[in-house]
Number of protein chains: 2
Amino acid sequence: MNLQQLRFICAVVRQNFNASAAADSLYTSQPGVSKQIQLLEDEINVALFVRKGKRITGMTPAGEQIFTFAQRIVGDIENIRKVGQEFSQGDCGEFVIATTHTQARYSLPRAIKTFTERYPGVQLRLRQGNPTQIAEMLAAGEADVAIATESLNSYAGLVALPCYQWNRAVITPTGHPLLQSQPLTMEAVAAYPIVTYDQAFAGRSLIDKTFADHGLSPNIVLSAIDSDVIKAYVELGLGIGIVAKMAYDPARDIRLEVIDASHLFEPSIAYLALRQGTYLRGYLYTFIELYAPHLDRSTVDKALDSTGASRALLPLPFSS
Amino acid sequence: MNLQQLRFICAVVRQNFNASAAADSLYTSQPGVSKQIQLLEDEINVALFVRKGKRITGMTPAGEQIFTFAQRIVGDIENIRKVGQEFSQGDCGEFVIATTHTQARYSLPRAIKTFTERYPGVQLRLRQGNPTQIAEMLAAGEADVAIATESLNSYAGLVALPCYQWNRAVITPTGHPLLQSQPLTMEAVAAYPIVTYDQAFAGRSLIDKTFADHGLSPNIVLSAIDSDVIKAYVELGLGIGIVAKMAYDPARDIRLEVIDASHLFEPSIAYLALRQGTYLRGYLYTFIELYAPHLDRSTVDKALDSTGASRALLPLPFSS
DNA sequence: ACGATTTACGACAATCGTAACGATC
DNA sequence: GATCGTTACGATTGTCGTAAATCGT
């Protein structure tokens, strides 16, 4: 048995039981992958994969059990590498944040600016995607942290930490009639065509739910994945926008006006997610605390090696 | 990086930083061990061991961190092997119980008899030792379970499950004057020379504490590690014995008489310990349930992957 | 001076990639 | 017929053990 064999198993599973794709993802030849897997199966005397003729279609029960261990092993190998870097290179390395446009554009810049100043040696990379992609990147080890509002807690093996609450605002072109209706009501909002986030983004599901709870069927004329696109179309007069309040910048958005909608929609919580059982480089703790000051090192550590049950025990983040 | 290197690290640590002993324990040459460790140190760019000249004396901080991961990896490798055996060989394999004489002689036989009948293919081995040795055997992977009354919970990485309560009895030669003093008191017991368990065995510490709490200084003329030796010396008239009640067998011990001492000493609890994070063969669950019926599979699983905090949540065992 | 670790070197084994083959959809 | 997995084989690499050198107690 050797590490390569375990890596191959994990890759084949991750690539939906496609050995060729697994070989590509590990920059090696496909026959090598097949052979090593067979060698391992011979050694432990159990078939790991279900084969239909020559095609791999799934896992045996034994394979599933072994896969969980193999996963943890390759994760630990990665951890060992990180410890090595931490002690040899100190504050150098690569740091990949998987996040959504909204977070990247509006909530992260301040923390990232301070971070890059403090750690000039750390190569910072932002990878954008929808919440599902983000969770997959994190789970696959392609990112060190994931930051988003939704669907980070559904993935097994990930731990989501609440970072901050945020509220929504309605944006309109200047001089829009909605600006007169104070206080703002759901009914008033629903009377106009709406531009807002795409499904599965930035709490869109909560927006839908709130309208539904009021018995309203809003006319969503356009949905987009990022606030800037939404703002652009609102400026064009396509409709009013519902966006994260933090996305409105009075200095820049001179052709838009904003109406606070905190009282209409429940606040959403942005989460920062980590893989369970990963070794965190020192600068990662610093970054997390810069981004969400209540998440200090010991809090993160506690959440990280708990089996997820303690998520509810985490301190509630401040409201903003 | 490869598995052998990680095995070597674990062995060197376990052998108190003696590379030669580590090599022996893994049936390989010592230069190979040194070389592989150096290669790994080069690869991750960090010294793992502190060397005084050419002698290995300890670990660096990085080494300690890496060691914990290496340990888990080699454990998981073992787990994978076990899964393989479980599915390929079914009810075959080796099963090592590390335990004390008292447990082996008096509490285990019934469960073991049923077990061996049900699993004729399983090679059962009993390894005796004092509680510390037992815990070490288990931690080192030389045993699958450990069963003892004391000091199994002190070891990190082990999970101790309460199995049953047991009480003590005083044994005397036939016709001993102590048999007249009913009910039995601590003072009456302390009036005679005593033969009982050795330090660190079978709740000896509790016996000492109980005497001390009564302000008594008993005359312990002999201490032994097993009940049979104690009984032999009591038969010879060396003194009265304090033993586990289950150690008295009215049919065999015809030259001895017994007085229940359950009201004098708090009951002790026998624990069954497992390594955290180990994969348990199916027959192991069966054995545990045979030995302690309240420890069914799901209870054991829960205790096994919790971080130890849930020990207190386990159901209290029945009294016997 | 002895025990323990590192260095050097040679034999062996394992892995990897290319190429060809067989099966499945 | 295109994709996917297995088999075959040669080149390379890496690992292991013996022997010798070096260091520290």
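Two strands are taken as paired if DSSP finds at least two bridges between them; helices (H or I, at least four residues) and strands (E, at least two) are DSSP runs, numbered from the N terminus. In the predicted model, local features need pLDDT of at least 70 and side-chain atom pairs count only at pLDDT 80 or more, whereas totals for chains, interfaces and linings use all residues. Residues are numbered from 1 along each chain as its sequence is written, chains are lettered from A in the order in which they are written, and side-chain values use heavy atoms, with hydrogens and water left out.

Chain B contains an open sheet of 5 strands, in the order S4-S3-S5-S12-S6, with mixed pairing. Because strand S4 (122-128) and strand S6 (158-166) of chain B each have a single partner strand, they form the edges, and one side of each is left without a neighbour in the sheet. Neighbouring strands are turned by 20° against each other on average, direction ignored. Strand S3 (residues 93-99) of chain B runs parallel to S4(B), to which 7 bridges join it; Ala98(B) stands opposite Arg127(B) in S4(B).

Helix H11 (residues 282-291) of chain B packs on this sheet, touching S3, S4, strand S5 (145-148), S6 and strand S12 (268-275) of chain B, where contact means heavy atoms within 4.5 Å. The direction of H11 makes about 35° with that of S3(B); axes are lines fitted to C-alpha atoms, for helices over the stretch in contact, and angles run from 0 to 180 degrees between N-to-C directions.

Chain A is superposed on chain B by a rotation of 180° with 0.1 Å of shift along its axis (RMSD 0.1 Å), using least squares on the C-alpha atoms of residues with pLDDT of at least 70 in both copies. The two copies are thus related as by a two-fold rotation axis. In chain A, the C-alpha nearest the axis belongs to Ile73(A), 2.7 Å from it.
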